[in-house]
Amino acid sequence: MKQSEFFVPTLKETPADATIPSHQLMLRAGLVRPLASGIFSFLPMGFRVLNKVINIIRDEMNSIGGQEFLLPALNPIEIWEQTGRVEAMGDVMFHIKNREGLVLAPTHEEIITYHARQHVKSYRDMPQIWYQIQTKFRNEPRPKSGVLRGRQFIMKDAYSLDTSWEGLDLSYEKHYEAYKAIFNKCGIKFFDVGASSGAMGGSKSQEFMVESDSGEDTCAISDAGYAANIEVATSNLQPVGRIDQDLPLEKFATPNAKTIDDLIEQYNIPEHRCAKSVVYMADESPVLIFMRGNDELNESKLQSVLGTANVRAAVSEELIQFTGADHGSIGPINLKSKIKIIADNLLKDANGMVSGANEDGFHYKNIDFVRDTSISDYHDLRTVQAGEPCPISGQALRVVKAIELGHIFKLGTKYSVALGANYLDSEGKEHPIIMGSYGIGVERVMACYIEQHHDEKGIIWSSPLTPFHAHLIGINEPKFPEVKAAAEGIYADLVKAGFDVLYDDRDESPGIKFNDADLIGLPFQIIVGNKNLKDGNIEVKDRQTGDRKVISISSVITEIQEFYK
RNA sequence: CGGGGUGUAGCGCAGUCCGGUUAGCGCACCUGGUUUGGGACCAGGGGGCCGGGGGUUCGAAUCCCUCCACCCCGACCA
């Protein structure tokens, strides 16, 4: 492809709206252009990369027996009503205004299940893996970070159909391996974490994450291989335990202590002997929760312990109503009303503790959780902090932001039951099909690659994703016809040898061409200039390392073949 | 949806407080010439409903009201 005829509008300046490297570079290198908030056009260069990603995904999906579908983006709303997801999706789902009854599909579980119901009637018809690579529509409340969170985006989603939970395990495992292969092939450093399945329903799920400050998820990871979403992450911190002194309970005045830090400072109490109290309303019933010192309550863990997502912190009036005191003076002793009390594992059977007296301005010391309280249940309720020991190795955990690239779930029978997708087993008995669901954000793969592979000059593509194999640059062609002739000859030879080449034949100054080439970031640059050509030579440059060498024209093909070997 | 910010040429911005020439600068673009191995130079030129609407005023990019768009933080999020 001659660059003079190729639409790749590069930008010298960084657009003001872009704040993260991948977004800035995708705009500057002429890969995409925004159309509206969260909506992007892929320009020819960007589309080439996107197709590379798609083909890698397609190959891996096919290799585990996946069969590719083309499914409608326009869906009848009835089918979504049958699974209750019109309500669950809420404003995220786009509704067609001038055609009642049609919605834009935000995902495709329903449609896949619909077709499975029609035709997958026997245990002999399974297992199946069905997938699609298509545009999804989600009315995101806040599109951001370029293509990382858009209102329309391409997703590869796959669905497995099985007759047994063991079969589902196998399908799930196949996807797990395929996903690792996909991201490795793309050259992306990633990790996977166990996750909660959220609105998707189902049981086990794992997310494939890329560490990035631009990420929207938070994970705790260690070099030993531990990785977990902060919602479920744990550490190897030891319980505060018991002290030898077993003194009687003692109330003391703490008029100016509203926080744990106040207590520590004013009364010289060690932080780990302070028990912090939090009151939450779970389905509108009060729960008193004890945490160590300044630990942070993890609402996700609380939700799963209490078995409801409907939790909120209690307000002052409720605190006084149920405990007798306001913030800062709540504790396990002398509660005004009998309410459920749970505590974090780290406080299990602790004594010598300080906590509120349920009377404003007073605390108790020497509290023995065994002797003085009626705490029945201890759970992991706290949010892990950076630096705590890894549960596997004991080394310090890192808490990082991460971008979710892919998610695999064991869906189970949620959709097959809702839509009546049943099959007959070998004994003629009817069962719901057991399903899995497996997604990858295609644009995210592209953006994450760029986040991980760029320098101050621009993008650095590598072989699997690069839009062209080589950037052939003719220096000052108008003045030196022999340069143009040589470059055209090399171009023809490379194309004949099967390489995709972008040939910069534009009448631009060398500086502009070099900087554009580094910005666009093709892995292999071939520079044809009068200087070297006099000796029958050209220069090649490795974009990644910046290494250059002067070689003879005749060895260009061998050189590039070596480079891509 | 809450908080903050920004809308002036294709891009990046100044001008807005404190109203007053023909709205400016850099890059990009067009013409001619000189240049040419890391974003050249000279000369000439084109391009603006100053986000939209309404108001105040002799006069509005500038003041007031209102709507819209975009970005950031939060909420939310397979």
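**Close-up views of a predicted protein–RNA model**

**View 1. Residues around RNA strand B.** In this predicted model, RNA strand B is surrounded by 45 residues, of which the closest are Pro106, Arg138, Arg149, Met155 and Glu539; a residue counts as near a molecule or strand if one of its heavy atoms lies within 4 Å of it. Of the atoms of RNA strand B that come within 4 Å of the protein, sugar and phosphate account for 43%. The residues of this surface divide into 14 nonpolar, 13 polar and 18 charged, where Ala, Val, Leu, Ile, Met, Phe, Trp, Tyr, Cys and Pro count as nonpolar, Asp, Glu, Lys and Arg as charged, and the others, Gly among them, as polar.

**View 2. Elements that supply the surface near RNA strand B.** At least two residues each come from strand 21 (398-412), helix 14 (510-520), helix 15 (530-533) and strand 28 (537-542), and helix 14 gives the largest share, 7 residues. Helices (H or I, at least four residues) and strands (E, at least two) are DSSP runs numbered from the N terminus.

**View 3. Polar contacts to phosphate, sugar and base.** A polar contact here is a pair of N or O atoms within 3.5 Å. An N or O atom in the side chain of Ser37 is 2.7 Å from a phosphate oxygen of RNA strand B, while a polar side-chain atom of Asp17 lies 2.9 Å from a sugar or linking oxygen. The side chain of Asn532 has an N or O atom 3.0 Å from a base oxygen of RNA strand B.

**View 4. The open sheet 13-19-18.** Three strands form this open sheet with antiparallel pairing, two strands being paired if DSSP finds at least two bridges between them. Strand 13 (250-253) and strand 18 (353-356) stand at the edges with a single partner strand each, so one side of each is left without a neighbour in the sheet. From one strand to the next the twist averages 30°, with axes taken as lines fitted to C-alpha atoms and angles running from 0 to 180 degrees between N-to-C directions. Strand 13 is joined to strand 19 (residues 362-367) by 4 bridges, and Lys251 stands opposite Tyr364 in strand 19.

**Notes to all views.** Residues are numbered from 1 along each chain as its sequence is written, and chains are lettered from A and ligands numbered from 1 in the order in which they are written. Local features need pLDDT of at least 70, side-chain atom pairs count only at pLDDT 80 or more, and totals for chains, interfaces and linings use all residues, while side-chain values use heavy atoms, with hydrogens and water left out.

Definitions and conventions. Polar contact = N/O pair within 3.5 Å; in protein donor to acceptor, adjacent residues only side chain to side chain.
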